[in-house]
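Keep the structure open beside you and try each task before you look at the solution.

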Amino acid sequence: MLSPSGSTTRKLLLAFGALVALFTAASGFALARLTDIHDGSHALREAGGRVRDALELATAVRDQYAHLAHTIILGNASHVRFHDEARARVEALTRKLREQARDAQEQTWVADIQQNGDALNRLYHDTLLPAVLAKDQGAITAAHGRALELVSQIQARADSLAQRFDTSIGSFEAHVGAVEHASFRWALLFLGGATLFAVGVGIYIGNSVARPVARLSEGAARLARGDLHTRIPEGDPGELGQLAAQFNRMTEALRAHQAQLVQHEKLAGIGRLAAGVAHEINNPLGVILGYVRLLQRKAEGALAEDLEVMEQEAVRCQEIVEGLLDLSRPGRGPMERVPLREVCEEVVARLRESSRLGDVEVRVEGDAPAWAWPPRLRQVLLNLVKNAAEAAGQGGTVALHIEAAPDGGASVAVSDSGPGVKPEDRPRLFEPFFSTKPSGTGLGLAVSQAIAEAHGGRIDADTGALGGARFTLRLPPASPAQEAMA
């Protein structure tokens, strides 16, 4: 199972998340600056509108005065309506400026405009117009002078407001310009940083994802072409490195499985050959041995020695035939729960009684039960211990180490103090007819491996603690039916 800790997926998510966050921050900053610019532009439009309103107010007051002057000049009330319309416009603009006033100073100026405008309107209707209609020149002159004063005060306040509003326009323009400049600078910085970060993410993806995936694809293509020695570098971090390691383990398993299939085919071919020939050879061999032993009773001297050699070679042929028969039928019989230590000690005792161990020291260590067909199990252990004793030589040591496996199975490791197995010979140890001994048939280990596999186990070869070869018989755990029987 792939661990999520420090995985490529998490790193990619973090990288893309950081990239999205960076672009989001840049977009948020840009939107904030755009909002500032929009607000500044709106304020500029408002300030411009206030300037226009102040200037229009001054113009409206001049129109009001013009109609007042026409009333004096014409000496009648023909311009009263025009004067009232101009006055209404002045009042509307005054109310608008009152709404737009930002501080106490502006509010005071607007109040002065309102007060003087009201006074000018009263002066026109209550004093000037009656004096004009009455042809009172003195009153007209006095009213006209007062009207000029009021108009001048109103225009002065309107000009002050316009100037003040125009000054605010300059400050708003400066603020908007500064915001635009800062926004442009930060936008370049954010976009440049985001681009560099995106390039970094692309390089990271290329190095940590695309390149390992390309190596995996190339390895899979080589594997599809039948190259079972394909290996992929496992140095990549995260899931892709673990995937490469699993790919390599898969190819090793496929290679081992293929080698096992080849071995099985070899054994099956030899088994078919042995099944067809062994019985035909065994019968004449039995007859030859019978006659040789019969002649040995009567022979003397050199003839007896020759007959003994004939007997030995005939027995050797018979052993080869029996090995071939064992190779052709490595199957298992009734399975029993066997105490491995007891079986190992029994095998050692049998070899000791037959003088096949000589002065080799043999020790048995550990204990564990296993399910097996006892005759075949003894045959395998007998062969392994006999080979180990022959490899250890006179005065050597053989150790049988029995151990229970974590999965419920068991193993028996047979080690010797001999010279060990040459590396070039190790791949062929379990091939039929391959032997490193001058007098060996090359069938013992092949038959033992076939029996172990028939039991669902196997035999592995490596170097043991005694310095020589170590052959480990591994037996599988009990099946549910066997556990129920136990």
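**Exercise 1.** Find the buried residues of helix H9 in this predicted model.

*Solution.* Step 1: apply the cut-off, since buried means under 20% relative accessible area. Step 2: go along H9 and list the residues that pass, which are Leu-445, Ala-446, Val-447, Ser-448, Gln-449, Ala-450, Ile-451 and Ala-452. Step 4: look just past the end of H9, where Gly-456 has a positive phi of about 90°.

**Exercise 2.** Which residues have the most contacts inside the largest nonpolar core?

*Solution.* Step 1: locate this core, which has 40 residues. Step 2: note the elements that give two or more residues to it, among them helix H7 (340-353), helix H9 (444-454) and strand E7 (469-475). Step 3: helix H8 provides the largest share, eight residues. Step 4: the residues with the most contacts inside the core are Leu-377 and Leu-473.

Now look for a second, separate core: it has 32 residues, including Ala-60, Val-90, Leu-150 and Phe-165.

**Exercise 3.** What is the mean pLDDT of the protein, and where is the pLDDT below 50?

*Solution.* Step 1: the mean is 80, and 79% of the residues reach 70 or more. Step 2: residues 1-6 have a pLDDT below 50. Step 3: beyond near neighbours in sequence, this stretch has nine contacts in the model.

How values were computed: Residues numbered from 1 in each chain as written. Predicted model: local features only at pLDDT ≥ 70, side-chain atom pairs only at ≥ 80, totals over all residues. Heavy atoms only, no water. Core = buried A, V, L, I, M, F, W, Y, C linked by side-chain atoms within 4.5 Å. Buried < 20%, exposed > 50% of the residue type's maximum accessible area, 1.4 Å probe, protein only. Helix = DSSP H or I, 4+ residues; strand = E, 2+ residues; numbered from the N terminus. pLDDT = per-residue confidence, 0-100. Contact = heavy atoms within 4.5 Å.
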